[in-house]
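Please read them alongside the coordinates.

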Amino acid sequence: MTSSKEPFGIYIHVPFCLSKCPYCDFYSERDQKLVPNYVEAVKTELRTLERCKGFVSPDIYEREVTSIYFGGGTPSLLAPSHIGSVIKCVKESFPVSTDAEITLECNPSVKEKDAFFLGIRQAGVNRVSLGLQSAVLSERRALGRLGSPEDAKNAVLAAKSAGIDDISLDIMLGIPGQTEETLKESLDFALSLPVTHLSVYILKLEEGTLFYKRRETLSLPDDDQTADMYLFMCSYLKEKGMRHYEISNFCFGDNIGRHNMSYWRCSEYLGVGPAAHSFVNSKRFYSERDLRGFLNGQKCVYDGPGGTEEERLMLALRTDEGAAAPDTNAAFKKRAAEFAAMGLVNCKNGRAVLTEKGFLLSNYVISELLSVM
Ligand code: SF4
C-alpha cells in the first residue's frame, strides 16, 4: 500500500436535513432520531478506520490534519456539543495543525443563533459556510427554501459576533425567473454583510430530483442568459475586490476555502459518514448513501486510483493557479495557444489558466486539453 507523510483534510458528511430541497441530490435523511448513533459511529470510525480497512495505511494516524470540513446535509442540525465531540475525537486521533481550518456548513434558519455560533466557536469551528442561494423572495420560493434573507443576515452577524471571522455564503445562478438584476440584488445583499467568501453555483438539473421531474414546467433562464449572468457576476465581484480563484468560488484577500482548494490541488482527504468520498494513499473510495449501512459498519467501496497526471491537470484548470503546460507536449501547447486566441485560456509563465469565458466552457476546454495529453 502506498504510504504518505503528506498532510491531509478530513470531511465529515452529516446526512440530515429538515426537508428535501427540490433541486438537491446530496444524500440526507429527514428522521433525526439517529443523530446520536450517527455521531458515535463517526467517532468510532475516526478512531478505528474499520470501514476503510485495506484502503488506508496505519501511518495515516501520523499524518497532520490541516482542515476539517463538516458538509451535508445540514451539519447545523447537530448540537454544538456533538460537533465539539467530533472535533475532539479528530484531535485525539490525529495530529491536527494549530492553524487548521475547521468549517461547518450551516442553514441560516438555525435556531438560537447566538448560542449556536458561540457553541461551535468554542468547539473549535473557525469558518462557516451558509446557504443564502438568493435574497429575492420569489426565487427563494421557487427553490423551496425555508426562511428569509433576514435569517441569513442574522446568522452571519451572530457568527461574526461569536468570533468566527471567516464566513462564506452560497448563492445560486440560473434559478427559475432569475435575471441579471435579481442576481445583482442577491450579490449586493451578500456583499452588505461581513463575509470573506462567496460560492456561486449554477443550478443543475440532477436526475432523481423534483426539479428534474418537473423540468418541462420550470421557467429556467436559457444557456445564453445563464452565461451572461455568470460573466456579469465575475466582473461585478472583481470590481468589488474579490479574487475569482475557482470556477464557482470568490474570496476577499487570501480567504480561500483551504479545504476545498486542497481538492483542486489533488491533495488527499479522508471522508467519514454515509456518502462521503475519500482519496487516501493514492486510492479513491466512498461510503454508500446509506445511513443505516454506515451505522452497521458497512465497508467503503473502492473507486479506483487517484492522483493521475490527467486528474491533477483537470482539477488545477478549475483554479486561477492553472496547470503547468507539459514542456514535452507540443500538442497540448498548440491546443492551449488555440484556446488563448479564442480568449478561453491565458498562457503565462509556462502555465495555462482559464479565463472567465474559459471557466464557463470549462468542461469543453478541459476535456479538449486532456485529449491531447
Ligand atoms: S440543499 Fe442543503 S438543505 Fe436542501 S436538501 Fe440539499 S443539503 Fe439539505
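1. Domains. The domain assignment gives domain 1 (8-264) and domain 2 (312-373); such bounds come from an automatic or database domain assignment. The C-alpha centres of domain 1 and domain 2 are 29 Å apart. Their contact takes 10 residues from domain 1 and 9 residues from domain 2, where two residues are in contact if their C-beta atoms, placed from the backbone, lie within 7 Å.

2. The domain 1 side. Helix H8 (223-239), strand S7 (243-246) and H9 each supply at least two residues of the side of domain 1 that touches domain 2. H8 gives the largest share of that side, 4 residues. By class the side has 8 nonpolar, 1 polar and 1 charged residues. Here Ala, Val, Leu, Ile, Met, Phe, Trp, Tyr, Cys and Pro count as nonpolar, Asp, Glu, Lys and Arg as charged, and the others, Gly among them, as polar.

3. Basis of the model. This is a predicted model, in which local features need pLDDT of at least 70 and side-chain atom pairs count only at pLDDT 80 or more, while totals for chains, interfaces and linings use all residues. Residues are numbered from 1 along each chain as its sequence is written.

4. Overall dimensions. The protein has a radius of gyration of 21 Å, which agrees with the value near 21 Å for a compact globule of 373 residues; the radius is taken over C-alpha atoms, and the globule rule is 2.2 Å times the number of residues to the power 0.38. Along the principal axes, the C-alpha atoms fill a box of roughly 55 × 50 × 40 Å.

5. Secondary structure and packing. The protein has 14 helices and 15 strands, counted as DSSP runs numbered from the N terminus (helices H or I, at least four residues; strands E, at least two). Buried residues make up 42% of the 373 residues. A residue is buried if 20 or more other C-beta atoms lie within 10 Å of its own, exposed if 12 or fewer, and partly exposed in between, with C-beta atoms placed from the backbone. Of the contacts with a separation of 6 or more, 72% join residues 24 or more positions apart.

6. Strand S9. Strand S1 (residues 8-14) and S9 pair in the parallel sense over 4 bridges; pairing requires that DSSP finds at least two bridges between the strands. Ile10 has Leu270 as its bridge partner in S9. Tyr269 and Gly271 point one way from S9, Leu270 and Val272 point the other way, and all are buried.

7. Ligand shell. Which residues are around the ligand? They are Cys17, Lys20, Cys21, Cys24, Phe26, Ser28, Gly72, Gly73, Thr74 and Gly131, a residue being near a molecule if its C-beta atom, placed from the backbone, lies within 6 Å of it. By class the shell has 4 nonpolar, 5 polar and 1 charged residues.

8. A cis peptide. The bond from Gly72 to Gly73 is cis, with omega near 20°. Gly73 is in the loop between strand S2 (65-72) and helix H2 (80-93), and both Gly72 and Gly73 are listed around the ligand.

9. Positive phi. Cys266 is not a glycine, yet has a positive phi of about 65°. Cys266 is in the loop between helix H9 (258-264) and strand S9 (269-272) and counts as partly exposed because it has 17 C-beta neighbours inside 10 Å. Asn349, also not a glycine, has a positive phi of about 50°. Asn349 is in the loop between strand S14 (345-348) and strand S15 (351-354), and is exposed, with 9 other C-beta atoms within 10 Å.
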